[in-house]
Amino acid sequence: MYVAAKGGEAAIASAHRLLADRRRGNRDVPALTLEQIAGQLALAVDRAMAEGSLYDPQLAAMAVRQARGDLIEAIFLIRAYRTTLPRFGNSQPLETGTMRIERRVSATYKDLPGGQLLGPTFDYTHRLIDPDMAGDARVKAGARRDWPGEACPRVTDILGADGLIEPDGDGPDGKPGDLTREPMEFPAGRDLRLQALARGDEGFLLSLAYSTQRGFARSHPFVGEIRIGLVDVVMDMPEVGFPVTIGRVRMTECQMVNQFRGSAKQPPQFTRGYGLVFGQSERKAMAMSLVDRALRADEFGEERTAPAQDEEFVIAHSDNVQATGFVEHLKLPHYVDFQAELDLVRRMRREHAARDIDEGNGETGDDEAAAREAAE
């Protein structure tokens with residue numbers, strides 16, 4: 001139960017002014033521009049877009065600045081803004097096979113058609129603080145490569161040609177669900193699960209993915225492929241009679257390959273875990289693909305023994321906006337509830353003290369109960 005707090009408008013207005021002052025920081029230092037945030041804090045912006053379910057680098061940079069770098073708060077801001085936008089149509093499914101690749105690595109095949117590209121990554125750095133980061137030293141930029149975007153076969157396509165991996169499903173029968181418009185119900189289809197995982201908190205999914213690797217699920221993963229790059233967004237335009245490319249979005253896709261010993265109906269083969277998120281977010285895409293595979297336990301007749309295999313547990317707790325709201329609501333006034341709890345604890349303490357006194361006088365609990373019944 002909550003109670004209304006009166007007379008706090010002035011305090012709240014002052015809190016807003018203090019927040020704006022702290023957000024601005026030292027006035028002797030130039031304010032951050034949205035271009036600086038989007039360009040130099042790109043991974044933070046990408047995460048805000050991915051978990052906010054809205055692809056707009058400029059808007060995400062604005063949210064990151066408004067949130068003072070608190071990414072969950074920034075994601076909350078983007079989600080709230082997203083609800084105000086009209087929906088004017090749906091694009092065709094993204095064709096990641098024609099992605100303009102910036103980074104592509106595989107842990108399963110050394111030599112791939114199209115090759116491997118290391119791209120911009122921390123994987124090969126020494127994790128040592130660079131003193132140059134303290135100043136404004138300019139990094140000498142090389143020529144920017146424009147990738148032509150030829151079709152590049154996926155590792156899973158190579159395995160599929162030999163029948164060594166489960167077929168790539170065509171998705172649900174009919175139109176995919178939309179968890180942003182309809183409440184989630186359990187059990188949920190894989191289309192809705194993947195939507196929830198794509199919006200889910202990276203840290204939560206990372207922990208679940210780690211748990212599957214430590215034995216808390218049937219998971220023997222290989223990174224079939226991670227690819228990062230630009231993908232065309234195509235919409236059908238009835239007015240012109242043909243599909244039209246309306247823009248490009250940067251995406252990270254992860255195809256995880258998992259061993260499967262087979263069943264009475266299926267031969268031994270590899271199975272898939274899938275992750276697809278906005279921006280350069282490969283850690284999130286990898287975690288998503290591991291959890292996706294764990295949640296498919298029922299499809300392969302596997303026993304559910306781990307948290308990562310429990311659909312309701314994973315989906316109901318993966319959304320950081322919901323989790324934040326539920327945890328942080330504890331800061332709201334609970335005065336009436338607490339007073340009731342306080343009275344209850346005091347009464348129980350008095351009864352506990354009375355029992356101690358009775359026991360010290362040699363009376364038993366049964367004698368006390370009998371005496372009370374006789375008195376009544």
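# Close-up views of the predicted model

**View 1. Asn90 is partly exposed, with a relative accessibility of 49%.** Partly exposed means between the two cut-offs: buried is under 20% relative accessible area and exposed is over 50% (1.4 Å probe, protein chains only). This is a predicted model, in which local features need pLDDT of at least 70 and side-chain atom pairs count only at pLDDT 80 or more, while totals for chains, interfaces and linings use all residues. Residues are numbered from 1 along each chain as its sequence is written, and side-chain values use heavy atoms, with hydrogens and water left out. Asn90 sits in the loop that links helix H5 (71-82) to strand E1 (100-105). Helices (H or I, at least four residues) and strands (E, at least two) are DSSP runs, numbered from the N terminus. Setting aside neighbours within four places in sequence, Asn90 is in contact with Lys175 and Met235. Contact means heavy atoms within 4.5 Å. From C-alpha to C-alpha, Asn90 and Val233 are 9.9 Å apart in space, yet 143 residues apart in sequence.

**View 2. The protein chain holds 13 helices and four strands.** The chain has 376 residues, and 32% of them are buried. Take the contacts between residues at least 6 apart in sequence: 66% of these join residues at least 24 apart.

**View 3. Four strands form an open sheet in the order E1-E2-E3-E4.** The pairing is antiparallel. Strands of a sheet pair through backbone hydrogen bonds, either parallel or antiparallel. Here two strands are paired if DSSP finds at least two bridges between them. E1 and E4 are the edge strands, each pairing on one side only. Neighbouring strands are turned by 25° against each other on average, direction ignored. Helix H9 lies across E1, E2, E3 and E4, and runs at about 140° to E4. Such angles run from 0 to 180 degrees between N-to-C directions, and axes are lines fitted to C-alpha atoms, for helices over the stretch in contact.

**View 4. E1 and E4 are the two edges of the sheet.** Five of the six residues of E1 are buried, so E1 is largely enclosed by the rest of the structure. Five bridges join E1 to E2. Val105 stands opposite Ile226 in E2, and Arg104 stands opposite Arg227 in E2. Ten bridges join E4 to E3 (residues 242-260), and the two run antiparallel. One of the residue pairs is Gln259 with Phe270 of E4.

**View 5. Arg227 is a buried residue of strand E2 (residues 221-237).** Its relative accessibility is 1%, which is why Arg227 counts as buried. The side chain of Arg227 reaches the backbone oxygen of Thr96 at 2.8 Å. Arg227 also makes a side-chain polar contact with Glu225, at 2.7 Å. A polar contact is a pair of N or O atoms within 3.5 Å; within protein, one must be able to donate a hydrogen and the other to accept it, and residues adjacent in sequence count only if both atoms are side-chain atoms. Not counting residues up to four places away in sequence, Arg227 touches several others, including Ile101, Arg103, Cys152, Pro153, Met251 and Glu253.

**View 6. Helices H7 (residues 190-199) and H9 (residues 282-294) cross at roughly 145°.** Their axes come within 10 Å. H7 brings Arg190, Leu194, Leu197, Ala198 and Arg199 to the contact, and H9 brings Lys284, Met288, Val291 and Asp292. These residues divide into five nonpolar, no polar and four charged. Ala, Val, Leu, Ile, Met, Phe, Trp, Tyr, Cys and Pro count as nonpolar, Asp, Glu, Lys and Arg as charged, and the others, Gly among them, as polar.

**View 7. Glu302 lies in the loop between H9 and helix H10 (311-318).** Glu302 counts as buried because its relative accessibility is 11%. A polar contact of 2.9 Å joins its side chain to that of Arg293. Beyond neighbours within four places in sequence, Glu302 is in contact with Arg218, Phe260, Arg293 and Ala297.

**View 8. Helix H4 (residues 57-66) has buried residues Leu59, Ala60, Ala61, Ala63 and Val64.** They pack against helix H2 (34-40), helix H3 (42-52) and H5. Just after H4, Arg68 takes a positive phi of about 60°.
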